[in-house]
Amino acid sequence: MGVDYPLVLEPRYDERPWGGRRLATHLGKPLPGAPRIGESWETTGVARVVNGPLAGTTLQELVERDPIGLLGERGRVASQPFGDFPLLAKFIDASETLSVQVHPDDEGAAPLDQRGKTEAWHILDATAEGFLITGFREPVTLGEIRQALEREQLGDLLERLPVSAGDTVIVPAGTVHAIGAGVLLYEIQETSDLTFRLYDWGRRDQQGRPRQLHVEEALAALRPDRHARRTRPLELDTDRTILAACRYFLLQRWAVTGSSAYELEPGWTFHILSCIQGQARVTARTGQADISAGQTALLPARVEGVTLEGAATFLVSGVPDLE
């Protein structure tokens, strides 16, 4: 059976000590009962298709069954040598500030047989005090960082970037970073779960125990001179705007009012469509799907002749053309 129609995916929800309920209240997601849902993983390998002939099949099973049809030529290259789906899309709700983290780059992750983790964040909602930690305020040495950790004063060294809905920030691997309290965002990243927790603000669990830190690993992966940076949107036409681009992913915003047709160069890359507002029907020559806010659909690389009908805003991710 060909992987050739718009696939609606069932996400995985993760409870986190800093999470909340805005994935339900803002995006309409049907969250489980836990009070602090922090993340919704939209394109994890265990995400299942919920529509059409492939319903019940996981994303990883589709990668293995038809890598070219699903991923395309560029997507297949990005998938190697791991043989997985190469991009992970998430929604993240931070009711409290997350731990200060570092992700290794590809070179640093290679000894662990994983990818590095460069990511981009698109802000969906933020309180008036909403911020991101995007690096160090001033040049620092590893010795100064260690000293600040010992004194539990690392926060004094960190750069805070105020953000509001509509901002996009790209976070190169090796950057010290965190999502601040009050921020709801969409994240696109290399498929990797390598997160080294450097500092957790003295947070304790219900038994009074601190969460595990990975100080030595974080310091080894850290590139102190790197900063996350706000991007400048590039409007392609009335419907499409490029929000972020790097060697790993291209992130766009598609704004649909009425009916819009898209030529997607079939055979080169998949497209992840995450609806953040409204609802629309996604129609290809081989099938269609109705998508509303909070849902994610995957357009396999084989799909062509795509039309969106309705009133909706999508965040759309794929593998860029580097040639």
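Two bridges join strand S8 to strand S11, residues 178–179, and these strands run antiparallel. Two strands count as paired if DSSP finds at least two bridges between them. Helices (H or I, at least four residues) and strands (E, at least two) are DSSP runs, numbered from the N terminus. S8 also pairs with S9, again in the antiparallel sense, over four bridges. Take Leu132 as the example: its bridge partner in S9 is Leu161, and its bridge partner in S11 is Ile179. S8 covers residues 131–136 and is mostly covered, with six of its six residues buried. Buried means under 20% relative accessible area, exposed means over 50%, and partly exposed is in between, with a 1.4 Å probe and protein chains only.

A word on the source. This is a predicted model, in which local features need pLDDT of at least 70 and side-chain atom pairs count only at pLDDT 80 or more, while totals for chains, interfaces and linings use all residues. Residues are numbered from 1 along each chain as its sequence is written, and side-chain values use heavy atoms, with hydrogens and water left out.

Next, the seven-stranded sheet. It is open, its order is S2-S3-S5-S12-S7-S10-S14, and the pairing is antiparallel. The edges are strand S2 (12–20) and strand S14 (229–230), each of which pairs on one side only. Within the sheet, S7 (residues 119–126) and S12 (residues 183–190) are antiparallel partners over seven bridges. His122 stands opposite Tyr186 in S12. In a regular strand the side chains alternate between the two faces of the sheet.

Now the cores. A nonpolar core here is a set of buried Ala, Val, Leu, Ile, Met, Phe, Trp, Tyr and Cys residues joined through side-chain atoms within 4.5 Å. Which residues have the most contacts inside the largest nonpolar core? They are Leu7, Leu70, Phe85, Ile188, Phe270, Ile272 and Leu298, in a core of 36 residues. At least two residues of this core come from each of strand S1 (7–10), helix H2 (59–65), H3, S5, S7, S12, strand S16 (240–245) and strand S18 (271–284). Apart from it lies another core, of 22 residues, including Val102, Ala109, Phe136 and Leu219.

Back to Leu298. Not counting residues up to four places away in sequence, Leu298 touches Tyr5, Pro6, Leu7, Leu9, Leu59, Leu70, Phe85, Phe270, His271 and Ile272. Contact means heavy atoms within 4.5 Å.

Two other buried residues. Leu98 is in the loop between S5 and strand S6 (100–102), and counts as buried at 6% relative accessibility. With residues up to four places away in sequence set aside, Leu98 touches Trp18, Ala178, Ile179, Trp201 and Arg203. Thr313 sits in strand S21, residues 306–318, and is buried at 13% relative accessibility. Leaving aside neighbours within four places in sequence, Thr313 is in contact with Arg253, Trp254, Ser274, Cys275, Ile276 and Gln277.

Then the backbone. Trp201, one of the contacts of Leu98, has a positive phi of about 60 degrees although it is not a glycine. Trp201 lies in the loop between strand S13 (196–199) and helix H6 (215–221), and is partly exposed, with a relative accessible area of 29%. Glu152 also has a positive phi, near 55 degrees, in a residue other than glycine. Is Glu152 buried or exposed? Glu152 is exposed, at a relative accessible area of 55%, and its place is the loop between helix H5 (142–150) and strand S9 (158–162). The peptide bond from Gln80 to Pro81 is cis, with omega near 0 degrees. Pro81 is in the loop between H3 and strand S5 (87–94).

Helix H3, residues 67–79, gives the most to its lining, with four residues. The lining has 21 residues, of which Arg74, Val77, Ala78, Arg247 and Leu322 lie nearest the pocket centre. By class the lining divides into eleven nonpolar, one polar and nine charged residues.

Methods. 1 Å grid on protein atoms, 1.4 Å probe; cavity = no way out; pocket = protein on both sides within 12 Å on 5 of 7 lines; lining within 4 Å. Nonpolar A, V, L, I, M, F, W, Y, C, P; charged D, E, K, R; others polar.
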